[in-house]
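Please look over the structure below before reading the report.

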Amino acid sequence: MSHDDLEKYETEAELALYREYRDVVGLFQYVVETERRFYLCNKVDLQVKASGGDIYFEVTMADAWVWDVYRSARLVKSVRVVTFKDVNVEELARDEALPDLRQLRGR
C-alpha cells in the first residue's frame, strides 16, 4: 500500500466518521472531550478526585458514542475515563447547528 493510498483511506475513514457523527449527534444531550477522545452521551458524571497531592478526574458516561475512526463499535452502553488532563463537558443545544469538528478537535 502506497503512502497516497494510506492517506486516501484515512481521509475516507474520517469523512465516514464525520457523517456518522452528523447522523447521531441529535440523539445525545452532552459532548465530552478528554485528551484522548471525543464523546457524545446522554448522561455524564464528572468527579474531581485527589490522591497523594495529585488531582485527577473520573468521568462516567452512559448511552455514549465515541469519536474513534478505528473503532468498529462506536455506540457503547457505558464509559469510564480516569485522567489527569482537562475534561470538557458541554450540554448540546437542540436548536443550534452542528459544531464544526475541525474546530472542536483543533485541526
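Which residues gather in a patch of negative charge on the surface? They are D4, D5, E7 and E10.

## Basis of the report

This is a predicted model, in which local features need pLDDT of at least 70, side-chain atom pairs count only at pLDDT 80 or more, and totals for chains, interfaces and linings use all residues. Residues are numbered from 1 along each chain as its sequence is written, and side-chain values use heavy atoms, with hydrogens and water left out.

## Overall layout

The protein has 2 helices and 5 strands (DSSP runs: H or I of at least four residues for helices, E of at least two for strands, numbered from the N terminus). Along the sequence their pattern is α-β-β-β-β-β-α.

Of the 107 residues, 31% are buried. Buried means under 20% relative accessible area, exposed over 50%, and partly exposed in between (1.4 Å probe, protein chains only).

## The negative patch

A patch is made of residues with over 30% relative accessible area and no salt bridge, with like charges joined within 9 Å and nonpolar side chains (Val, Leu, Ile, Met, Phe, Trp, Tyr) within 5 Å. A salt bridge is a side-chain nitrogen of Lys or Arg within 4 Å of a carboxyl oxygen of Asp or Glu. Asp and Glu count as negative.

D5, one of the patch residues, sits in helix α1 (residues 3-24). D5 counts as partly exposed because its relative accessibility is 42%.

R74 is in the loop between β3 (54-67) and β4 (75-83). Its relative accessibility is 16%, so R74 counts as buried.

The side chains of R74 and E20 are joined by a polar contact of 2.6 Å (a pair of N or O atoms within 3.5 Å; within protein, one must be able to donate a hydrogen and the other to accept it, and residues adjacent in sequence count only if both atoms are side-chain atoms). The R74 side chain also reaches the backbone oxygen of D68, at 3.2 Å.

Conventions
Areas by Shrake-Rupley, 256 points an atom, 1.4 Å probe, with all protein chains shown as cover. Charge placed at Lys NZ, Arg CZ, Asp CG, Glu CD.
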